[in-house]
There are 2 protein chains.
Amino acid sequence: MKKVFKEIPGAVVAPRGFTASGVFCDIKRLGTGKGSNKGPKRDLALIVSECAATVAGMFTTNQVCAAPVKICVPRVKKGAARAVVINSGNANACTGKQGMKDAADMVLFTELALNVPRGSVLVGSTGRIGVTLPMDEVRAGIIEAAVELGSTPAHADHAVEAIMTSDSRPKQIAIEFKLAGKTVCLGGMCKGAGMIQPGMSATGARPAALPHGGLHATMLGFITTDAAIPAKVLQAALEQAVAQSFNRITVDGDMSTNDTVLVLANGMAGHGKLSAADRATFQAALNHVCLELAKKIVRDGEGVHRVVTVKVSGAKSVKEADQAARAVANSALVKTSWHGGDPNWGRIIDALGYSAATIVEEQVDIGYAASGSKKILWSLKRGQPTKATYAALCAAAAPKEFDLHINLNLGSASAVMYAADLTEEYVEFNKGDVTDPTTLGG
Amino acid sequence: MKKVFKEIPGAVVAPRGFTASGVFCDIKRLGTGKGSNKGPKRDLALIVSECAATVAGMFTTNQVCAAPVKICVPRVKKGAARAVVINSGNANACTGKQGMKDAADMVLFTELALNVPRGSVLVGSTGRIGVTLPMDEVRAGIIEAAVELGSTPAHADHAVEAIMTSDSRPKQIAIEFKLAGKTVCLGGMCKGAGMIQPGMSATGARPAALPHGGLHATMLGFITTDAAIPAKVLQAALEQAVAQSFNRITVDGDMSTNDTVLVLANGMAGHGKLSAADRATFQAALNHVCLELAKKIVRDGEGVHRVVTVKVSGAKSVKEADQAARAVANSALVKTSWHGGDPNWGRIIDALGYSAATIVEEQVDIGYAASGSKKILWSLKRGQPTKATYAALCAAAAPKEFDLHINLNLGSASAVMYAADLTEEYVEFNKGDVTDPTTLGG
């Protein structure tokens, strides 16, 4: 049974006790040609809880990991936070000792500006790699953002705009639901459009189960709630939610140096002790928010025309189901055929065949369905083309979103990937123009 | 010391005792809309040795493997062959029992038409997946090709044209060199433009060392020589040569169901017993032919504007060097930056960071050099940007071919990948047009 949650306005400021702001402080170096000026103008955001919150986080497993990630990992481990400062236009990645100093100064300056305890501010950055932050501008931005803080939906809008890079539109959500008799809110915002195939873990260390060899544009996600959730419980809940959402999307198969998801829970809903059913409800709500945000990233991926949910079942193990789904979701030939609306099962079975998953050609089923529908039009059954007409298959592969069902018929494990097509616009956008450095991405 | 070999005309018919032909028998279904009519008109080729030849072969490790590959593997194991029949326009892959019968009929019919012993003909196919061969046309083509056989360079030209699919130009070579006092020839031809990241082994079984998760358009390579090389020696020599050439190229990271390389050695040069030095010369010659053919595939890759030789050194192991090189060579963001001529080391170090290879950000060197030059312009040294100007780096990344040097500074292992950029033309070509099935690729 899938829980349906009521959406409400306000995103990250919908939960009680949270304020936010987003300002322009010229980190994007608009017009100077020195930075990345993609996306909208605002480039520094704050999210603040009026009281101490518990915190959980998930971080890129890229071995090249940005300074803000290195600052956050030990802070999140302590389990408490008050605020997050985020900038776009500069990833503060591959910036060496100066980058670490800048990230540390950024959180310290924010702590002073907000008058919150030392160690209670977290930080996220996204944008060009390998360039140090313009710290004078960052400090001016923090001061202005602290002044601008507020809890109207417009404040959330400013904050989400300030974390966008190549995103074409803001991505945010808020829902409300009952927990121990009280109304509780979960709000969230995220960014990301290219360099998208996150593989995050709690510590940035790479567990054996995470995918190698294909993940990247930074994705950042920030979630707030007025539920009261102990830090350890919150971390476990976030790990489960991210495993089913942000870690299951791919735009271009490149994993970023900066991928970060944070959740702050300030307990201001004032509910009592949670029952097992309440904890399950919170988990379902967090799963829902993370999945909706993750899907928004794929839909708004650089140059993306079509979003395909790749559903692999019948694999020998979950790991193999994941490997099969990622091989299909990241194949250049499969992705260009999606762009063309071509129901080309030859390219799909080819990708399955070179994946690390065990497959047997004579067992493979491949079919198409409308998003979420169980009515599947099979193009291949047990390795043999079905009698489905080419016109019918083309119609099934034509919508802007559809489900691709792959049954390996070798076991009972399954995995899902939310994937994007590969278009001329993606290439055009990412090749940039070397004569105009402002067009060059992270 | 690199041996320089003298190039001569004639390609696969340059060695004594070999004839070839290429004809059109409508496997490509030109104008009918029922097949793949990409590439030039000819679609069936023969290569024939006038006497028994030893043979060696390497085949796709894709778990979905085409009928012609399944026919060839046991035949090559026996070590002797007389001829190869090859068709384009139809891969005879994912065609079930009918496909196996068709491939078996194709070699049997060729054996009868050429009056050569049963079991002495090998077969290769390339083109659309999942469609059975038009066998009446194939038989007519074999008869005509048998009649047309000859040993002029024009015959080799017809043969190589007949194996092309999305290739924009023929790819062939012949060289001569001395072996045990006699002049010996090695000739070769190949095809391939997309679905290119071969990972071939002698049996099609996947050794642990081969890359997973990214390989595909079929590549086919056929090599002839009048040297006398025992089958086991020839197989070992081919395995070494392919490991350094065809298995080190990538256009789009997709491995095909049909990748095949065959070598026939008929001994007609009439040389005596080979010394160790002679065997080394033969190995060097075979390495040279395979590498030149492999590079031609990357240069002629679908939509390819730039070819980049990714040279990873200082890795902890050869496996890790390979993983690092493939991550960079197959990153959508790195490949689009190459297309743009953007010396974007941020995307390169990001790809290294998410690869399965161990890397330490503070140790990584990244630089550019003219093809084969040892004069490297470093953009990053030990993780820090150098003082090289952006203009100088752009100039280094501007040529149609250049070397990308990556030193991980963690060990002494190295690996090379011959890679291509990712362009709008690649996407345009591979998305096809569902309203015109003749535009849809394999």
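Is B:Ala11 buried or exposed, and how many other C-beta atoms lie within 10 Å?

Tutor: Before we zoom in, this is a predicted model, where local features need pLDDT of at least 70, side-chain atom pairs count only at pLDDT 80 or more, and totals for chains, interfaces and linings use all residues. Residues are numbered from 1 along each chain as its sequence is written, while chains are lettered from A and ligands numbered from 1 in the order in which they are written.

Now to your spot. B:Ala11 is buried, with 27 other C-beta atoms within 10 Å (buried takes 20 or more, with C-beta atoms placed from the backbone). You'll find B:Ala11 in the loop between strand 1 (6-7) and strand 2 (18-23) of chain B (strands are DSSP E runs of at least two residues, helices H or I runs of at least four). Its backbone is worth a look too: phi of B:Ala11 is near 45 degrees, a positive value in a residue other than glycine. Most residues other than glycine have a negative phi.

Chain A has a case of its own. A:Cys94 has a positive phi of about 60 degrees, although it isn't a glycine. A:Cys94 sits in the loop between strand 4 (80-90) and helix 2 (96-114) of chain A, and A:Cys94 is buried, with 28 other C-beta atoms within 10 Å.

Next, the inside. Beyond its neighbours within four places in sequence, A:Ala324 is in contact (C-beta atoms within 7 Å) with residues including A:Val312, A:Leu352 and A:Ile406.

The axes of helix 7 and helix 9 of chain A come within 8 Å and cross at roughly 135 degrees. By class, that's seven nonpolar, no polar and no charged residues.

Finally, where the chains meet, the contact takes 61 residues from chain A and 60 residues from chain B. Helix 9 of chain A turns up again, giving the most to the side of chain A that touches chain B, with eight residues.

Terms used: Contact = placed C-beta atoms within 7 Å. Axes fitted to C-alpha atoms, helices over the stretch in contact; angles between N-to-C directions. Nonpolar A, V, L, I, M, F, W, Y, C, P; charged D, E, K, R; others polar. Buried ≥ 20, exposed ≤ 12 C-beta atoms within 10 Å, placed from the backbone.
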